[in-house]
Amino acid sequence: MSPASPSSSSRRGRPARAPVRPRRASLAARGLLAAAERDLQQIILDIHDGPVQDIFGALSQIQVLRHRPELQTGDASVVLGRVAASLERALGEIRNFIGAFRPPEFERRPLGAILEQLVVQHESLTGATVDFSLATPLPDDVPLSLKISLYRILQEALANATRHAGVTSFEVLARADRRHIVVRVRDRGRGFNVAKVLKKEIDVGVAGGHFGLRGMRDRVAIMNGKLSISSGRGGTVVTIRLPLS
Amino acid sequence: MIKVLLVDDHPLVLEGLRGLMESEPGIEVVGTTTDGARVVDLARQYRPDVVVLDLELGATNGYDVLTKLRAEQVPARVLVLTAYGDGESLRAALEHHADGIALKTDSPARTIDAIRAVNAGVLVFPQAARRWMRKPTDRAVAGPSALSDREREVWRHLASGLSNAAIARKLGVSPSTVKFHTQNLFQKLGVGNRTAAAVEYEKQIPAAARGRERG
């Protein structure tokens, strides 16, 4: 027998678990979005306060040593050069990690501002150009879960486009009507087979490879929204549509 | 001589940066502190040209210090030094009227370059953050005379059509360092992209002088 589903347990008159109503499950999932962002914030703060300060401080001291005349030639100078280069690489990796994952001030910033910040951050980290525009003003009083979802979904859409489209310029257009927020990401790159990629991303587990589309789809589902992706020779258009309430 | 006040609550960072700046020509560290509450007083006492300000100062928030420096009209450029280069941090630094942002996740040599740039009146922010910048002022567009030797070299290669990666190979530095120089270059020249910078090169550097530049 399968693990207790609400209907099977009630038939037997002794529910093994309290049934979870879909609506409540969805609300719980939205609550977890903020918790996940808080965890991320804490991890990044720990990296900031620990390794970043130490590596940056150590690298500064190594640069001072490299200025000494007796250390500008010979084996020591080669070793110091290598050490400096590997510390710089470590910092570079941390920079990309922090840049991508540090949450913006979701509570303080309006939706349009956090989307624009994401676009600037993406341009700054990748060197890509993103044409960002609002077709209508976006409402200020949207739920926190919607801001988090839209931010992370757009981030994944831009990352996917940058990784796979083979082009370096993208368009992001956002608009709102009375009931929805719609964000469209377009590239004019090489396109891909949507069905094939989605099929590959089923059941990737925790250690699976890239699951960008799957993650986007799951985040959209939590918000009862719609995700549509059309892709072909002319490029890819990803449209995210989330209800305001 | 550029006089610098260093503010950071991490002793190793303070010691490292101080040592590095002392070995740099044209830069003098006039004071250091780990205490955000003392920054305004120290700035009045030492009259630095540039305050290098960490944002995490224990109990004090670096932005509060920056707000106070601006409110008290302390006449120093302020370079924010942080590990955070995300969109939120860039925007917050601009909103608090910093003159630039240097990252602890970049090489410390970049912090030195950024100190020189803000001292020359350049707003040091990634190109992508331009959309949030104050309207260009006279001091934001400094002109070719404000270019450092390295920036001038990058400008020449850029004008000859080389990519950042190719320039990096030629100069023996990383592409991100070239990107940093091009951004400062664009700002000093008051241009928005490579093409405009190349056109400006043709305009500003007479053909006869280009050979000398190569020398």
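Predicted model: local features only at pLDDT ≥ 70, side-chain atom pairs only at ≥ 80, totals over all residues.
Contact between the two involves nine residues of domain 1 of chain A and eight residues of domain 2 of chain A. On the domain 1 side of this contact, helix 2 (22–66) and helix 3 (74–101) of chain A each supply at least two residues. Helix 2 of chain A provides the largest share of that side, with six residues. Sorted by class, the side of domain 1 of chain A that touches domain 2 of chain A holds four nonpolar, three polar and two charged residues.

Turning to chain B, the division places domain 1 at 2–131 and domain 2 at 144–214. Here the C-alpha centres of domain 1 of chain B and domain 2 of chain B lie 26 Å apart. Ten residues from domain 1 of chain B and eight residues from domain 2 of chain B make up the contact. The residues on the side of domain 1 of chain B that touches domain 2 of chain B comprise six nonpolar, one polar and three charged.

With the structure in view, the reader may like to trace the chain A contact from helix 2, the source of six residues on the domain 1 side, and then turn to the chain B contact, where domain 1 contributes ten residues.

Definitions and conventions: Residues numbered from 1 in each chain as written. Chains lettered and ligands numbered in written order. Domains from an automatic or database assignment. Contact = placed C-beta atoms within 7 Å. Nonpolar A, V, L, I, M, F, W, Y, C, P; charged D, E, K, R; others polar. Helix = DSSP H or I, 4+ residues; strand = E, 2+ residues; numbered from the N terminus.
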